[in-house]
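The structure is shown first.

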Amino acid sequence: MDPEGPATKTYHPSEGSSSHEHKLNYKNMEVKVSKMEKGAEDCPLGLQLKPVSSIRHWKNLFSLSITFFLVFTAFYSIQNIQSSINTEGGLLSLAVVAATSILSGLVTPFLISRLTGAKWAVAFSTLVFCAYSYVNIFRVPWLTMAVSVALGIAQSPLWIGHCTYITRAAYQLAAITGKREELIINRMHGTFHLILGSSLVSGNLILFLILSDPDPQEVALDTSYCGALNCGTNIGSGVPPPSRGTANVLFGVFTAVGIASALLSTFGVDDQQVPKGSRKQNGDISTAFGGMYQLLREFKIVLLLPLFAVAGFQLAFFYSDFSKAYVACSQGMSSVGLVAISYGVSLSVCSLLFGQLEKFTDRIVRITFGCFAHLALLFYLFYLKPVQGEYLPLFAVASGWGMCCAVWRSQVTSLVGALFPHHQEAAFTIWSMGEALGNFSGFLLPTFSDLCVSHRIIILAGAIIVAFCLYLICEQKVRYEKREGAKFTALPTKETRV
């Protein structure tokens, strides 16, 4: 066998005694590989029996990234206007999506590791996202809620599947190239979020082109209750929603985009090779639950839970409160997509930038910068009084929010991948559930009329401060472990259980 990449060694169960341990030197990295009778390996994610070329890893990354680009061109745009175009049940349906995704995360590790694999988890999920775009054409409450439940179930496999796929590919690519694993993880996640962030540009451009009035008339808008002063879900901006026909064209376009994403994820992304021992470790649902429970006993991930929740909370605030109370209220609904384009451009550029800055700055510096920048934006929003025709403050906030979201997305997912390399599915499940909980809270709070936007700004700012302080404690613990030469203890496998 002449595998691609640097020198590797293929092991066969028939060679020697099944209890012997062999050492292989792989780019100056010694790894112990215990050979069991059935061929299970306890090896790093970077090693597998049939190495894949670096070109193929990057091809899969770009195919997966474009799949997500198509999926969220539709979903982010629908999410952006749900609070304005579907005032009766739009935010509630998004809250249902977030709540259901929390529950679906409990079984996602079993689905990915035992039944579907990361690729097919993503492929099946894209079909549900496509259905969500389609049912918005009818706006039947019970049908929308039913598909929202299905979409919530699909959210966790989609996000956890892509994180698992990219992180596993990064470890394999690091083994091929001999480069530092955390560097490759940051680059691949940064590239992914660059392309994903571009979906906000394309989706919101579609929104602007379809919803904008070809023969606009000057309408004086009542902006006295816009911004932080707004309470509840009713905003009397005086701008009528788009016609039913225009809305149907919009959702029809998004449905076609969803179909394209399903085809690309099915035929454009390779099924990933996984060490046999990894699949056995999560052999049934009870084992998957046990893996999550064991990981939650690890103090580091408990400290990161508020950070995961804040990542979802801030995103929900942008799509619900900022889009409606600041943009739609003062400039009209067609301007929501226009302002959000600057958010998408900033998210894309900053995702790539933060991935490259890994070579020059420490992780703690990048996340600290993101947290303080987000607090500054919230302080500005608290006092901002939007005025009709004045777009510059809104563009500035949206661009700054995209920069902060790049930190939450690319840096936090890279952090999880770097800290828990041996338990990817369980770690990313906990991340996904924490973010879904924040999403649920962010979409649910605007439905309470007693809570004004100013109250929700204070709640989000407080959550960021708490999450950041706990993150600093986690970083100190990681550095202490490195100084002491401690390593993360692997969860017990069948061979070590008594």
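Of the 498 residues in this predicted model, 55% count as buried. The secondary structure consists of 14 helices and two strands.

**Overall make-up**
- Among contacts with a separation of 6 or more, 85% are between residues 24 or more positions apart.
- The protein exposes about 20,800 Å², and carbon and sulfur atoms supply 64% of that area.

**Cysteines**
- The structure has one disulfide, which joins Cys226 to Cys329 with an S to S distance of 1.8 Å.
- The pair links distant parts of the chain, 103 residues apart: Cys226 is in the loop between α5 (181-211) and α6 (244-267), and Cys329 is in helix α9 (residues 299-331).
- The link of Cys226 and Cys329 is left-handed, with -75 degrees about the S-S bond.
- Cys226 is buried at a relative accessible area of 4%, and Cys329 is buried at 1%.
- Cys404 is buried at 1% relative accessibility; its sulfur is too far for a bond with the closest cysteine sulfur, that of Cys371, because the two are 8.5 Å apart.
- Cys163 is buried, at 0% relative accessibility.

**Lys119**
- Lys119 is part of helix α3 (residues 108-135).
- Lys119 is buried but forms no salt bridge, and the nearest side chain of opposite charge, Asp271, is 6.2 Å away.
- A polar atom of the Lys119 side chain lies 2.9 Å from the backbone oxygen of Thr266, and the backbone oxygen of Val269 also lies 2.9 Å from a polar atom of that side chain.
- Beyond its neighbours within four places in sequence, Lys119 is in contact with residues including Tyr165, Ser265 and Asp270.

Notes. Residues numbered from 1 in each chain as written. Predicted model: local features only at pLDDT ≥ 70, side-chain atom pairs only at ≥ 80, totals over all residues. Heavy atoms only, no water. Helix = DSSP H or I, 4+ residues; strand = E, 2+ residues; numbered from the N terminus. Buried < 20%, exposed > 50% of the residue type's maximum accessible area, 1.4 Å probe, protein only. Lys, Arg positive; Asp, Glu negative; His and termini not counted. Salt bridge = Lys/Arg side-chain N within 4 Å of Asp/Glu carboxyl O. Polar contact = N/O pair within 3.5 Å; in protein donor to acceptor, adjacent residues only side chain to side chain. Contact = heavy atoms within 4.5 Å. Areas by Shrake-Rupley, 256 points an atom, 1.4 Å probe, with all protein chains shown as cover. Disulfide = S-S within 2.5 Å.
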